[in-house]
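Here is a short note for a colleague who has not looked at this model before. The points are meant to be read with the structure open.

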Amino acid sequence: MKINTRQLVFMALLIALSFVGAQLKVFGTIAFDSLPAFLGTLLMGPVAGAIIAIIGHLLTALTSGFPMTLPVHLAIGLGMGLIMVATWYTYVFVKKASNEIVALIVSVIVAAVFNGPILLLLCSPLLIPMLTWPGVIAMMLPLALVGGINALIAALIFKALPQSVKNQVASVNETQSWQS
C-alpha cells in the first residue's frame, strides 16, 4: 500500500473519529469506534481500515480500563483488523459480480457476522476464563448489532460521498476496484 500525505492525514482523522466513537459505549467496550474503520476500509482499502480498526479498538479498551486485560484486547484488535480485510474483499468480490448497492449490503452483513459470532469464537480461548461460555454467547448479539450499525452508517456515508472525495483519499488499486 503506497500512501501519500493526504491519505495519512485522512487516516489520522478517522483514528481521531474512532476515539470519539469509543466514547459512545453501548456495553463495556462495545462502542461506535469501528464506524471510521469501516469507512476507511471502503475508501482506502483493507490495510488502512485494519490499522484504523486496531487503533480504534485499543482506544475504546483504554477508555474502559482494559477490562479484559491488554493481551485479550490486542487479540480483539487484531480480529477487528481482520474484519476490515473480510469486509473489503467481500465488497470488491460482490461488486464485480453484481453492483455497488448489493456489495455494500452484503459487506455490512459480513461485517456484522464477523464482528459478533466469528470474532468471539476466534477469541474464545482468551475470553472463556473471564466470561464463561454463557457470557461469550451473550455478547454475540450486541457485538453483531453494534458492528452492523457501525458498518451500515459507514456504507451510507461512503455511498453519499462524491466521487471527487473518494478519488482524493483512495490509492490507485482501491480507486479502480470501486469505479469499475
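1. Asn99 caps the N-terminal end of H5, with a side-chain oxygen 3.0 Å from the backbone nitrogen of Ile101. Helices are DSSP runs of H or I with at least four residues, numbered from the N terminus. The model is predicted, so local features need pLDDT of at least 70 and side-chain atom pairs pLDDT 80 or more, while totals for chains, interfaces and linings use all residues. Residues are numbered from 1 along each chain as its sequence is written, and side-chain values use heavy atoms, without hydrogens and water.

2. At Ile128, H5 bends by about 115°, and Pro129 follows within four residues. The bend is the angle between axes fitted to the seven residues ending at a residue and the seven starting there.

3. Two cavities of 30 Å³ or more are found in the whole structure. A cavity is a set of points on a 1 Å grid over the protein atoms alone where a 1.4 Å probe fits but cannot get out, and lining residues have an atom within 4 Å of a point.

4. Trp88 and Tyr91 both lie in helix H4 (residues 70-97), three residues apart. Two aromatic pairs are counted. The ring centres of Trp88 and Tyr91 are 6.4 Å apart and the planes at 40°, so this pair is tilted (centres within 6.5 Å; under 30 degrees is stacked, over 60 edge-to-face, the rest tilted).

Methods. On a 1 Å grid over the protein atoms alone, a cavity is a set of points where a 1.4 Å probe fits but cannot get out, and a pocket is an open set with protein on both sides within 12 Å along at least five of seven lines; lining residues have an atom within 4 Å of a point. Grid points are joined across faces, edges and corners, and a volume is the space filled by probe spheres set on the points. Helices (H or I, at least four residues) and strands (E, at least two) are DSSP runs, numbered from the N terminus. A polar contact is a pair of N or O atoms within 3.5 Å; within protein, one must be able to donate a hydrogen and the other to accept it, and residues adjacent in sequence count only if both atoms are side-chain atoms. Rings of Phe, Tyr and Trp (its six-membered ring) pair if their centres lie within 6.5 Å; planes under 30 degrees apart count as stacked, over 60 as edge-to-face and the rest as tilted.
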